[in-house]
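These notes are for a colleague who is opening this entry for the first time. Please read them with the structure on screen.

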Amino acid sequence: MFVQWIRILYSTEGRLLTLKYCGSSQRYCTLKLISENDIKQFIVENTEVVSGGNLTPEIRLRLFTPNCRFWHARPELWPFTDPYWAIYWPGGQALARYMLDNPGVAKDKKVLDLGSGCGASAIAAKMSGSAHVLANDIDPVAAIATKLNCELNGLEPLPAATEDLIGSEPRGWDLILLGDMFYEEALADGLHAWLRHCIRTHGTRVLIGDPGRAQLESHGIKRRLLPQARYELPGAVREENYGLTSSTVWRYQPEL
């Protein structure tokens, strides 16, 4: 019988529930509860601590590198949802660099890192003196990876949320961070409307890190972005991102 891991995780009473999909019978055939400690151990065994070769060498992160098994393995062998958290995306790098260089942006602020991935932007905000930071990613494994990365940087684990906050009622954020979030047109549309609502309701400052992806460049939101900083990407980051050469931090300023 052909059996493949379906890459979906559900939070359930502090544990993660994985489902196996039986391709031949087209049904779910196996349930397995995995503890958070199991996931932490799996991340530690299958990532490498990186502290250079990117825009923020002062932040240490557990990431995929060519030395890691799953860098080379077939994607279907990965047992969870796609590990976007295991890559330090160039938009997130620019955001983190900008906050470390300009700590007043996040200092004493209530900050949301939306689509937080590895948690680097959230960590940079905390290092810059933010009063409260929430790392939000719909992948529960990303939330656990963020906890590990906080520990690597001498920080207490940051609060993490795995529900989809896009379209939800704004929670009074002073600052919302988005790194490499404009990769699908439908997602860009939803973000445009929700971010505008956050700004209108609470005067939220919105910073977007992006290396020039087509979905952002061609979207109507681009006309409402004000450049804050531009960073040249290190050679290794360029190679991993198909030749993208720089990453920009934008401030979203919609018509109110």
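1. Of the 256 residues of the protein, 48% count as buried. The model is a predicted one, and the points below should be read with that in mind.

2. The surface comes next. The protein exposes about 12,200 Å², and 49% of that area is supplied by carbon and sulfur atoms.

3. On secondary structure, the protein has eight helices and 12 strands. Contacts can also be sorted by separation along the sequence: among those between residues at least 6 apart, 62% join residues at least 24 apart.

4. In what order do the strands of the seven-stranded open sheet lie? The order is β8-β7-β6-β9-β10-β12-β11, and the pairing is mixed. The edge strands are β8, residues 160–161, and β11, residues 225–232. Each of these two pairs on one side only.

5. With β11, β12 (residues 246–252) runs antiparallel, and seven bridges join the two. With β10 (residues 205–210), β12 pairs in the antiparallel sense over four bridges.

6. Individual residues show how these pairings are laid out. Ser246 of β12 is the bridge partner of Glu232. Val249 in β12 stands opposite Ala229, and Gly209 likewise stands opposite Val249.

7. Why is β12 described as largely enclosed by the rest of the structure? Six of its seven residues are buried, so the description follows from that count. The cut-off for buried is under 20% relative accessible area.

8. The last point concerns a residue in a loop. Ile87 lies between α2 (69–72) and α3 (90–101). Is Ile87 buried, partly exposed or exposed? Its relative accessible area is 32%. Buried requires under 20% and exposed requires over 50%, so Ile87 counts as partly exposed. Arg62 is 25 residues away from Ile87 along the chain, and the C-alpha atoms of the two are separated by 8.9 Å.

Definitions and conventions. Residues numbered from 1 in each chain as written. Predicted model: local features only at pLDDT ≥ 70, side-chain atom pairs only at ≥ 80, totals over all residues. Heavy atoms only, no water. Pairing = 2+ DSSP bridges. Buried < 20%, exposed > 50% of the residue type's maximum accessible area, 1.4 Å probe, protein only. Contact = heavy atoms within 4.5 Å. Areas by Shrake-Rupley, 256 points an atom, 1.4 Å probe, with all protein chains shown as cover.
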